[in-house]
Amino acid sequence: QVQLVESGGGLVQPGGSLRLSCAAPRVIFSIYRMGWYRQAPGKQRELVATLTGAGTTNYADSVKGRFTISRDNAKNTVYLQMNSLKPEDTAVYYCNAHSLGVSYGADDYWGRGTQVTVSS
């Protein structure tokens, strides 16, 4: 069973920083595009950032310049560094692995989510 394990959420004041981590099985991490999505109460899940194995990144306009996605291939882990956090960043953040062609079982895998709350 493929599991994506997230960590790093919590409560932070506006302007603060958090780093989310997502560990994936090696076979998934090596062939899937990794990314982060978020879902705020009453809203649809939305893309935050994605990163391919080749290093191509994509960010939502709302987080450009504040969030950075990166990966550690030795640890099979993807990170989301979140700076200058705003109350509107409050959401459950989900790690995603998405097949770009070659797949191992499913085309998409999701983590359970980690809560990020930005509040004073």
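Is Tyr109 buried or exposed? Tyr109 is buried, at a relative accessible area of 14%, where buried means under 20%, exposed means over 50% and partly exposed is what falls in between (1.4 Å probe, protein chains only). Before going further, know that this is a predicted model, so local features need pLDDT of at least 70, side-chain atom pairs count only at pLDDT 80 or more, and totals for chains, interfaces and linings use all residues. Residues are numbered from 1 along each chain as its sequence is written, and side-chain values use heavy atoms, with hydrogens and water left out.

**Aromatic pairs**

- Searching the whole structure turns up two aromatic pairs; rings of Phe, Tyr and Trp (its six-membered ring) pair if their centres lie within 6.5 Å, and planes under 30 degrees apart count as stacked, over 60 as edge-to-face and the rest as tilted.
- Tyr32 and Tyr109 make a tilted pair, with 5.9 Å from centre to centre and 50 degrees between the planes.
- That pair links distant parts of the chain, with Tyr32 in strand β4 (residues 32–39) and Tyr109 in strand β10 (residues 108–110), 77 residues apart. Strands here are DSSP runs (E, at least two residues), numbered from the N terminus.
- Tyr32 is buried, with a relative accessible area of 2%.
- Tyr37 and Trp110 form an edge-to-face pair, at 5.1 Å centre to centre and 70 degrees between the planes.
- This pair also links distant parts of the chain: Tyr37 belongs to strand β4 and Trp110 to strand β10, 73 residues apart.
- Tyr37 is buried at 15% relative accessible area, while Trp110 counts as partly exposed at 36%.

**Charges over rings**

- To count, NZ of Lys or CZ of Arg must be within 6 Å of the ring centre and within 35 degrees of the ring normal.
- Arg71 lies over the face of Phe29, 4.2 Å from the ring centre.

**Salt bridges**

- The whole structure holds four salt bridges, each being a side-chain nitrogen of Lys or Arg within 4 Å of a carboxyl oxygen of Asp or Glu.
- Arg38, Glu46, Arg66 and Asp89 are joined in a network of these bridges.
- Within it, Glu46 meets Arg38 at 2.7 Å, N to O. Glu46 is partly exposed, with a relative accessible area of 37%, but Arg38 is buried at 6%.
- Asp89 also bridges to Arg38, and their closest N and O atoms are 2.9 Å apart. The two sit in distant parts of the chain, Asp89 in the loop between β8 and β9 and Arg38 in strand β4, 51 residues apart.
- Asp89 is buried, at 1% relative accessibility.
- Lys64 and Asp61 form a salt bridge too, with 3.1 Å between the closest N and O atoms. Asp61 is exposed, at 65% relative accessibility.

**Positive phi angles**

- Most residues other than glycine have a negative phi.
- Asn76 has a positive phi of about 50 degrees, though it is not a glycine. Asn76 is found in the loop between β7 (67–72) and β8 (77–82), and is buried at 13% relative accessible area.
- Ser84 is not a glycine either, and its phi is positive, near 50 degrees. Ser84 lies in the loop between β8 and β9 (91–99), and is partly exposed at 41% relative accessibility.

**Side chains that touch the backbone**

- Thr77, in strand β8, is buried with a relative accessible area of 9%. A polar atom of the Thr77 side chain lies 2.9 Å from the backbone oxygen of Lys75. That is a polar contact: a pair of N or O atoms within 3.5 Å, where within protein one must be able to donate a hydrogen and the other to accept it, and residues adjacent in sequence count only if both atoms are side-chain atoms.
- Ser99, in strand β9, is buried at 8% relative accessibility. Its side chain reaches the backbone nitrogen of Gly101 at 3.1 Å, and a polar atom of that side chain lies 2.9 Å from the backbone oxygen of Val102.

**At the surface**

- Val102 lies in the loop between β9 and β10, and is exposed with a relative accessible area of 60%.
- Val27, Ile31, Val102 and Tyr104 make a nonpolar surface patch of about 340 Å². Patch residues have over 30% relative accessible area and no salt bridge; like charges are joined within 9 Å, and nonpolar side chains (Val, Leu, Ile, Met, Phe, Trp, Tyr) within 5 Å. Accessible areas come from the Shrake-Rupley method with a 1.4 Å probe, and for residues only the protein chains shown count as cover.

Key. Helix = DSSP H or I, 4+ residues; strand = E, 2+ residues; numbered from the N terminus.
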